[in-house]
Amino acid sequence: MPVSGESLKGQIAYRGLASGTVRVVIDPFKYDGPFDEGDILVAGMTRPEFLPLMKKAAAFVTDAGGILSHAAIVAREMKKPCLIGTQTATEAFKDGDRVEVDAEQGIVRKVIS
């Protein structure tokens, strides 16, 4: 559910604000790109294998999932902003994009730097 050409709306799993560099991770076993402290994890859904990346991430954004999904539960445990159910985050954002995750309003938006 796009808000504008460069924004997506999602369900808030844990409130907060974060900004950083997008890292789209479809399969944590096959991801060989950089993932630095403070990056924004964008995934279809998460599962336990994502935990090492989730620990480094400033926030999580997923295409699918509900309030009891893995990403939502881990976000609450780690106290990190999280938006779930954006439907198209893995398509809308690319590795290296700069985004702001506004998990107060339920919006993730691309930042022009």
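## Basis of the model

Residues are numbered from 1 along each chain as its sequence is written, and side-chain values use heavy atoms, with hydrogens and water left out. Because the model is predicted, local features need pLDDT of at least 70 and side-chain atom pairs count only at pLDDT 80 or more, while totals for chains, interfaces and linings use all residues.

## Salt bridges

Side chains of opposite charge can pair when their charged atoms come close. The structure holds seven salt bridges, a salt bridge being a side-chain nitrogen of Lys or Arg within 4 Å of a carboxyl oxygen of Asp or Glu. One of them joins R47 to E49, whose closest N and O atoms are 3.1 Å apart. R47 has a relative accessibility of 33% and counts as partly exposed, and E49, at 34%, also counts as partly exposed; the classes are buried for under 20% relative accessible area, exposed for over 50%, and partly exposed in between, with a 1.4 Å probe and protein chains only.

E100 and R109 also meet through their side chains in a salt bridge, with an N to O distance of 3.5 Å. E100 counts as partly exposed at 33% relative accessibility, and R109 counts as partly exposed at 28%.

Helices (H or I, at least four residues) and strands (E, at least two) are DSSP runs, numbered from the N terminus.

D97 counts as buried, at 13% relative accessibility, whereas K110 counts as partly exposed, at 30%. Salt bridges that share partners join E6, D97 and K110 into one network.

S19 lies in strand β4, which covers residues 17-24, and counts as partly exposed at 44% relative accessibility. Leaving aside neighbours within four places in sequence, S19 is in contact (heavy atoms within 4.5 Å) with G38, I40, V99 and E100. E100, one of these contacts of S19, is also the salt-bridge partner of R109.

The C-alpha atoms of S19 and E77 are separated by 20 Å, and the two residues stand 58 residues apart along the chain.
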